[in-house]
Structures are given as structure tokens and as C-alpha cells.
Amino acid sequence: KFFLYYGDITDGLTITQLIRKIKPTEIYNLAAQSHVAVSFELPEYTMVTNALGTLKILEAIKNINPKIKFYQAGTSEMFGLSPPPQSENTPFSPISPYAVSKLSAHWMTITYREAYGLYACNGILFNHESPIRGETFVTQKIIKGLINIKKNKQKKIFLGNLYAKRDWGHAKDYVQVMWKMLQQNKPKDYVVATGTQYTVKDFINLATKKLNMPIIWKGKKLKEKAYYNNKPIIEIDSRYFRPSEVDSLKGNSKKIKKDLNWKPKYNIHTLIEDMIKKIK
């Protein structure tokens with residue numbers, strides 16, 4: 001019962017035609033240029049896709065059927081420089097084109113909800129990973145890289161800031177929340193997170209332990225290397241540093257846990273195990 005339709009999120013005519021044809025009762029907008037680093041290289045495309053794409057969907061809903069429920073995929077990156085833990089009451093302070101574009105979509109969703117009475121809500125989801133995560137994202141890059149190194153298919157992994165702190169959850173938990181948000185009587189915006197925080201280096205250490213790959217870190221901060229079998233397998237490359245970096249993200253999901261009786265089934269350990277299992 002799954003049907004795939006081709007279109008372009010930046011093409012308002014396509015969106016309108018598809019909604020008229022499909023007649024959905026719910027729309028989940030997960031379409032985006034979602035890579036933070038890429039957004040610095042393609043800021044205009046990121047803004048057009050993420051911000052205007054959302055606007056085009058909202059306009060189509062308003063004009064075709066205002067009873068359609070709408071979910072907008074927000075991001076913890078919108079909090080930017082605001083210190084953790086971040087909740088629904090934390091001020092937004094975006095520092096990347098990606099975060100700015102998503103914040104625009106966030107406020108547009110609220111505007112259409114309040115101005116036209118649409119059932120439109122935002123899920124401010126913190127980092128969520130899965131075995132099918134794209135290889136350009138750091139978690140999958142680490143997992144696949146380590147497995148390839150262990151199989152002698154790859155020699156090194158090149159990374160940027162090892163000390164960025166993130167709140168990592170499993171996409172399986174988070175997509176259930178998206179659905180739950182659209183089943184309420186009234187639309188509300190929520191932060192979705194695990195409430196735990198790890199650095200990229202922590203993630204590497206946990207993954208290598210589960211892969212039985214004892215590593216040793218040598219060198220100074222920002223120039224250190226991880227050695228496995230006396231060979232450097234992880235090195236820092238300045239190409240992977242962003243012009244501006246969000247140092248610390250950790251979510252406070254008390255509101256959604258109370259309202260929707262939700263809590264994550266996965267933690268970072270079971271997440272990494274799931275990612276490893278899929279690749280191996």
C-alpha cells in the first residue's frame with residue numbers, strides 16, 4: 001500500500017497537484033537539504049528547499065483542504081548557541097544556513113496554524129540516527145568506516161570536531177512521535193530528545209568497543225589520532241570543520257513525555273548495535 005510519486009518540494013504546482021490527487025488526511029514534511037555542512041556551500045538552495053518548500057505545502061493545504069493535518073520536521077540546530085538543556089521555552093539562536101532555513105519553516109508553520117486555524121505542528125527533533133543514515137553524516141561515516149577498516153577495505157576515517165556534543169536517538173523512536181503528534185485534539189510543538197549527551201569522540205569509543213577494536217588516542221586536541229593495531233585509523237581534517245559550530249545540544253523532552261506518554265526505547269548503545277548489525 002505504498003505508492004511513490006515524483007515531484008519537487010520547490011515546485012508549488014507539483015505539490016498542489018499531488019495533494020489534490022492523493023487527498024491525504026495527514027502530511028509529514030521530511031523533505032529538506034538536511035546536511036549542516038552542505039548548507040554553508042549551498043545556502044540559497046538550502047533556504048529555497050527548506051523554507052519555501054514548507055510554505056508551498058502550507059499554502060496548498062490552506063487552499064485545497066484546511067482539515068489536512070501537517071507535521072513539520074524541525075531540528076535542534078535551531079537552538080544553536082543557546083546553552084543546554086534545550087526545551088520548547090529555550091530561545092532560538094541559529095548559526096548555520098540550515099538552521100536558519102528550518103527556523104523560517106518553523107515560524108511559518110506556527111503562522112499558518114494561528115492565522116488560518118490549520119492543524120499544523122512542529123517537531124523539534126534532536127539528532128536521530130538509524131542503519132540507513134546517509135554516509136555523509138558523522139555517525140554512519142564512523143560505523144561504516146570502522147567496519148571497513150576491520151575488514152581491510154579502508155585505511156582511515158577523516159573527521160572534524162571530535163568534541164561537538166550531541167543528543168543522539170534512534171529514528172524508530174522518533175517517527176512514532178511524529179505520528180503521535182498528529183493524533184492529538186489540538187496541534188502543539190514539541191522537543192523530542194533522549195536527554196543524554198555524548199561527544200563525537202565518545203561515539204567512536206563506544207563503537208570501537210562494540211566492534212572489539214581496541215584503539216589508542218595520541219596527540220593534542222584538534223590534532224589527535226586514533227590508532228588501531230599501531231596504525232592511525234582516525235585523523236582530523238580541517239576540511240570537515242564548519243565556519244560556525246554548535247558546540248552542545250541536549251534536549252529536554254518533559255513536555256512530550258507528559259502529553260503523549262512517550263519515552264525512547266533505544267539508547268546510544270542499542271542504536272550503535274543496530275547500526276553495526278545492519279552493515280555487518
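1. Start with E59: this residue forms a salt bridge with K62, with 2.8 Å between the closest N and O atoms. Keep in mind that this is a predicted model. Both residues sit in helix α3 (residues 43–64), 3 residues apart, or about one turn of the helix.

2. K210 forms a salt bridge with E273, the closest N and O atoms being 3.1 Å apart. K210 belongs to helix α7 (residues 200–210) and E273 to helix α9 (residues 268–279), 63 residues apart. K210 counts as partly exposed at 31% relative accessibility, as does E273 at 40%.

3. Have a look at D237, in the loop between β12 (231–236) and α8 (254–260). Its side chain meets that of R239 in a salt bridge (2.8 Å, N to O). D237 is buried, at 15%, whereas R239 is exposed, at 62%. The structure holds 13 salt bridges.

4. On helix α6 (residues 171–181), the buried residues are A171, D173, Y174, V177, M178 and M181. Seen down the helix axis, they fall within an arc of 155 degrees, so they line one face of α6.

5. Last, the surface: F2, L4 and Y6 form a nonpolar patch there, with about 480 Å² of accessible area together. L4 lies in the segment before α1 (12–22) and counts as exposed at 57% relative accessibility.

Key
Residues are numbered from 1 along each chain as its sequence is written. This is a predicted model: local features need pLDDT of at least 70, side-chain atom pairs count only at pLDDT 80 or more; totals for chains, interfaces and linings use all residues. Side-chain values use heavy atoms; hydrogens and water are left out. Buried means under 20% relative accessible area, exposed over 50%, partly exposed in between (1.4 Å probe, protein chains only). Helices (H or I, at least four residues) and strands (E, at least two) are DSSP runs, numbered from the N terminus. The arc is that of the directions from the helix axis to the C-beta atoms. Patches are made of residues with over 30% relative accessible area and no salt bridge: like charges are joined within 9 Å, nonpolar side chains (Val, Leu, Ile, Met, Phe, Trp, Tyr) within 5 Å. Accessible areas come from the Shrake-Rupley method with a 1.4 Å probe; for residues, only the protein chains shown count as cover. A salt bridge is a side-chain nitrogen of Lys or Arg within 4 Å of a carboxyl oxygen of Asp or Glu.
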